[in-house]
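I wanted to know how its parts are held together and where open space is left.

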Amino acid sequence: MVTDRNQGTGMPRIGVLALQGDVEAHAWALREAGAEPVPVRLPAHLDGLAGLVIPGGESTTLLKLAARDGLLDPLRRFAGTRPVFGTCAGCILLARRVRHPEQDSLGVLDATVERNAYGRQNDSAILETPTALPGGPLEAVYIRAPRIAGIGPGVEVLAERDGDPVLVRQGRILAATFHPELSSDRRVHRLFRDMAAAGTGAERAA
């Protein structure tokens with residue numbers, strides 16, 4: 001489970017935005033990947049974190065809850081200096097451009113993301129997804145998944161579905177349209193653990 005701010009573990013302390021979505025599944029995945037999960041509900045909870053995960057859920061609801069709790073500007077500032085990983089709705093929140101319909105976002109990932117691009121809940125799927133990560137295809141769980149419709153030149157594609165990016169990285173920003181926390185494969189969370197531990201790519205992200 002997500003714990004409060006345990007110190008001295010030797011593991012990077014990675015926040016999980018705990019407003020909506022499967023927070024506990026991300027916490028479990030982070031622990032298995034070798035990180036210490038920390039719940040983030042208020043701006044002060046961001047202090048001292050090596051990175052932050054923004055889980056899935058409903059992107060407009062996440063925006064409203066973050067605005068209610070005074071988190072939007074602190075999240076933007078955090079994403080400007082620290083690694084952030086967004087899954088599904090979290091991917092939407094990171095994108096600079098959101099379509100179907102348009103909405104606000106944190107605007108830190110040079111990508112265009114379309115909401116609910118693969119249909120409704122009953123159109124969800126578990127697929128083997130080709131990836132550039134070592135170890136062969138990823139098991140990817142798609143639930144009302146968005147689609148990354150376009151990316152900028154500084155964005156690296158790490159996995160695809162039918163030619164569309166589903167896992168991308170831009171410096172310190174990592175985003176997935178699927179739910180890696182719902183799979184037993186921890187490669188994506190290990191990648192983010194390493195990014196958070198090293199502060200990788202902060203100087204390269206746009």
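My entries cover a helix, the cysteines, a pocket and the salt bridges.

**Ground rules.** I worked on a predicted model, where local features need pLDDT of at least 70, side-chain atom pairs count only at pLDDT 80 or more, and totals for chains, interfaces and linings use all residues. Residues are numbered from 1 along each chain as its sequence is written, and side-chain values use heavy atoms, with hydrogens and water left out.

**Helix 2.** I took helices (H or I, at least four residues) and strands (E, at least two) as DSSP runs, numbered from the N terminus. Helix 2 spans residues 59–68. I called a residue buried under 20% relative accessible area, exposed over 50%, and partly exposed in between (1.4 Å probe, protein chains only). S59, L62, L63, L65 and A66 are buried here. They pack against helix 3 (72–79) and helix 4 (89–94); contact means heavy atoms within 4.5 Å. Just after helix 2, I found G70 with a positive phi of about 70°.

**Cysteines.** I searched the whole structure for disulfides (cysteine sulfur atoms within 2.5 Å) and found zero. C88 is buried at 5% relative accessibility. C91 is buried at 0%.

**Largest pocket.** I used a 1 Å grid over the protein atoms alone; a pocket is an open set of points where a 1.4 Å probe fits, with protein on both sides within 12 Å along at least five of seven lines, and lining residues have an atom within 4 Å of a point. The largest pocket has a volume of about 240 Å³. It is lined by 19 residues, and G57, E58, C88, A89 and I143 lie nearest its centre.

**Salt bridges.** I counted a side-chain nitrogen of Lys or Arg within 4 Å of a carboxyl oxygen of Asp or Glu. The count is 13.

- E32 and R186 meet at 2.7 Å, N to O. E32 is in helix 1 and R186 in the loop between strand 12 and helix 5, 154 residues apart. E32 is partly exposed at 43%, whereas R186 is buried at 8%.
- R115 and E58 also form a salt bridge, at 2.7 Å. They sit 57 residues apart, in two loops. R115 is buried at 13%; E58 is partly exposed at 22%.
- D73 and R76 pair at 3.5 Å. These two are three residues apart in helix 3, about one helical turn.
- R99, E114, R147 and D164 are linked in a network.

Notes
Grid points are joined across faces, edges and corners, and a volume is the space filled by probe spheres set on the points.
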